[in-house]
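Before you use these coordinates, please read the following notes alongside the model. They are set out as numbered points.

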Amino acid sequence: KSMATYVLISSITGFFIRVAVNGSAVLMFPLTMAMQAVAPGSFRISMNVLVRSFPWIGVHLEVLRRAGRSTWPLFRSQLAFLLFQ
């Protein structure tokens, strides 16, 4: 019984941590981009920090931005992944 409880608690904790890490990344990128649109130039450092802190989104975001493409499909897919995780 104690082993089943341990496995259940570990699984739930792991799920919440994955959702918290992915969710924070998905929310912080659009918020930073919105702030950058309002006050250009003042948030460049924070965008670089985000790109390096969350490389699983940051790398793709930089590729899309350099190609002049929309980044919203990336965020929509990340949110969908978060919901189905």
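1. The model is predicted, and its confidence should be read before anything else. The mean pLDDT of the protein chain is 83, with 93% of the residues at 70 or more. Within the chain, confidence is lowest in helix H2 (residues 44–53), where the mean is 78, and highest in helix H3 (residues 55–66), where it is 88.

2. Helix H1 covers residues 2–38, which makes 37 residues, and from its first C-alpha to its last it reaches 54 Å, close to the 54 Å expected at 1.5 Å a residue. The buried residues of this helix are Asn22, Gly23, Ala25, Val26, Phe29, Pro30, Thr32, Met33 and Gln36.

3. Serine 10 also lies in H1, but it is not on the list of buried residues; because its relative accessibility is 36%, serine 10 counts as partly exposed. Between serine 10 and leucine 74 there are 64 residues in sequence and 30 Å in space, taken from C-alpha to C-alpha.

4. How do H1 and H3 pack, in terms of angle and distance between their axes? The angle is about 35° and the axes are 10 Å apart, while the crossing of the two helices is right-handed. On the H1 side the contact involves Val21, Asn22, Ala25, Val26, Phe29, Met33 and Gln36, and these meet Trp56, Ile57, Gly58, Leu61 and Arg65 on the H3 side.

5. The aromatic pairs come to 5 in number, and ring pairs link Phe29, Phe54, Trp56, Trp72 and Phe75 into a cluster.

6. Threonine 71 is placed in the loop between H3 and helix H4 (72–84).

7. Glutamine 78 belongs to helix H4, and it counts as buried because its relative accessibility is 16%. With residues up to four places away in sequence again left out, glutamine 78 touches Val26, Trp56 and Ile57.

Conventions:
Residues numbered from 1 in each chain as written. Predicted model: local features only at pLDDT ≥ 70, side-chain atom pairs only at ≥ 80, totals over all residues. Heavy atoms only, no water. Helix = DSSP H or I, 4+ residues; strand = E, 2+ residues; numbered from the N terminus. Expected span 1.5 Å × (residues − 1). Buried < 20%, exposed > 50% of the residue type's maximum accessible area, 1.4 Å probe, protein only. pLDDT = per-residue confidence, 0-100. Phe/Tyr/Trp six-rings, centres within 6.5 Å; stacked < 30°, edge-to-face > 60°. Axes fitted to C-alpha atoms, helices over the stretch in contact; angles between N-to-C directions. Left-handed = near helix turned anticlockwise from the far one by under 90°. Contact = heavy atoms within 4.5 Å.
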